[in-house]
Amino acid sequence: MSHELSMQEEMGEKFLDAAARGDLTMVSTLLSQVPSFINHKGYRGWTPLMLAARNGHYHLVEKLLSHGCDRFLVNSSSQTAYDIAKFWGHKHISNLLSQTDVSCQRLLQGSDFDQQENYFSRETLDRMSAKRTDKVWLEAKQSHPDTIYLLFSNLSPMVSSPQDGNDGGETKLCQFKYEVVKDLLQKPATVLVFLGVEKRKNCSSSFSSSQTKGGVQDPAAWFAICTDDDEAELLKRCKQKNCSFPKMPNRDLLKLTEEEAGVVAQARSVLAWHSRYSFCPTCGSSTKLEEGGYKRSCLNLDCRSLRGVHNTCYPRVDPVVIMLVIHPDGNQCLLGRKKVFPSGMFSCLAGFIEPGETIEDAVRREVEEESGVKIGPVQYVSCQPWPMPSNLMIGCLALAISTDIRVDENEIEEARWFTRQQVIDSLFRGESPAFTAPPRQTIAHQLIKHWIGMNSNL
């Protein structure tokens, strides 16, 4: 066994070396022998894709992407292959890694199509929203042997954690088949939400999809179940070890893979809505679930919510602006900290958008309320679903037109201007960082990194 492991490690190193040299033939040969090498990690967490991006091997990057490598893996410096290509000036490769659509770029000239995918935003499932009103189809999918169920208690999914206290391992969602959870589906208090079906190119469940008569795979459907049954009894249903329901979702859910985080963002947000809307907001009567868990209808036939379209009947999403404020000199940014933050951590300012307010106006209002700094131009960068409980974080850069800080201590306890070098040291683990950056899974981290990369080529 040790000899086999040694051979595997030797072949893995050979694969990484071929990727670094741009040896397309050798990479193809080794991939055909051991497909799992596609995301093999070497020294300091560098993958074949990162090495190819570092050395400008465009065709090899293209090859690796076509084989389904994970472009969002990070090395020990929290850099993706995209970050590396951008740092070394390989624009053609960074465009490829950022999923640039050439036709869109031609039609919308002048737009920046460096698409940033944020944690919780990966769409692993096809939501199949048109099927939510098809009761016959949904019922057939619920009892199908390949259907995947995720089990939630108090809005926390059942997960299996790394054994032996290995913090570097990944937390995994526990997946169940129909036979294991069918008794829960019969209970009146159980909430069931249809999440979608697996995308054919990206099936991530541990169960194989079924075959139709024509030999074409019928993608597995996914559902989320939320129950008020005793957690200890629910955990007995899982055969895996180290299973639990996370008690601190803001921290524990950041340990999921990108694919599973996207599923949880959808499931938890909808389940959180159900937990708050058991009764009709219009008349106070009880409500019932419809459309695969994406609608609640009032049981009072005289309720006006049954006539016309009402946003109280459908899952709500609360928009939040989160912004990195740039100093007028262009070489500093404004970060703040709340009392609940870990010691030394500073992050971007953020706040809810109010009714009748634009994104730009919300940015200007929130920054001035929290820090006293006035804002001029505002630029949208990217967004992130944040299922705590159901927010959409709208990430922006904001240019300050004043610099004096007057902190509103009700919102944050401190705000400071940090130089570009201080931010770089904090992001990339310098010797004496001025602050601790927010986790890489947060859009705040990505906004800070985006700003650093705009001019310093990181």
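What share of the contacts in the protein with a separation of 6 or more comes from residues 24 or more positions apart? Here are some notes on that and a few other points.

1. The answer is 67%. Please keep in mind as you read that this is a predicted model.

2. For the overall picture, the protein has 15 helices and 19 strands. Of its 458 residues, 47% count as buried.

3. Now to the interior. In soluble globular proteins, nonpolar side chains tend to be buried together. Here the largest nonpolar core has 51 residues, and the members that touch the most others are Phe120, Leu195, Leu324, Leu335 and Val423. Helix α12, spanning residues 258–276, gives the most to this core, with 8 residues. Another core lies apart from it and holds 25 residues, among them Ala19, Leu30, Phe37 and Leu65.

4. Is threonine 124 buried or exposed? Threonine 124 counts as buried because its relative accessibility is 2%, where the cut-off is under 20%. A polar atom of the threonine 124 side chain lies 3.2 Å from the backbone oxygen of glutamate 259.

Key: Residues are numbered from 1 along each chain as its sequence is written. This is a predicted model: local features need pLDDT of at least 70, side-chain atom pairs count only at pLDDT 80 or more; totals for chains, interfaces and linings use all residues. Side-chain values use heavy atoms; hydrogens and water are left out. Helices (H or I, at least four residues) and strands (E, at least two) are DSSP runs, numbered from the N terminus. Buried means under 20% relative accessible area, exposed over 50%, partly exposed in between (1.4 Å probe, protein chains only). Contact means heavy atoms within 4.5 Å. A polar contact is a pair of N or O atoms within 3.5 Å; within protein, one must be able to donate a hydrogen and the other to accept it, and residues adjacent in sequence count only if both atoms are side-chain atoms. A nonpolar core is a set of buried Ala, Val, Leu, Ile, Met, Phe, Trp, Tyr and Cys residues joined through side-chain atoms within 4.5 Å.
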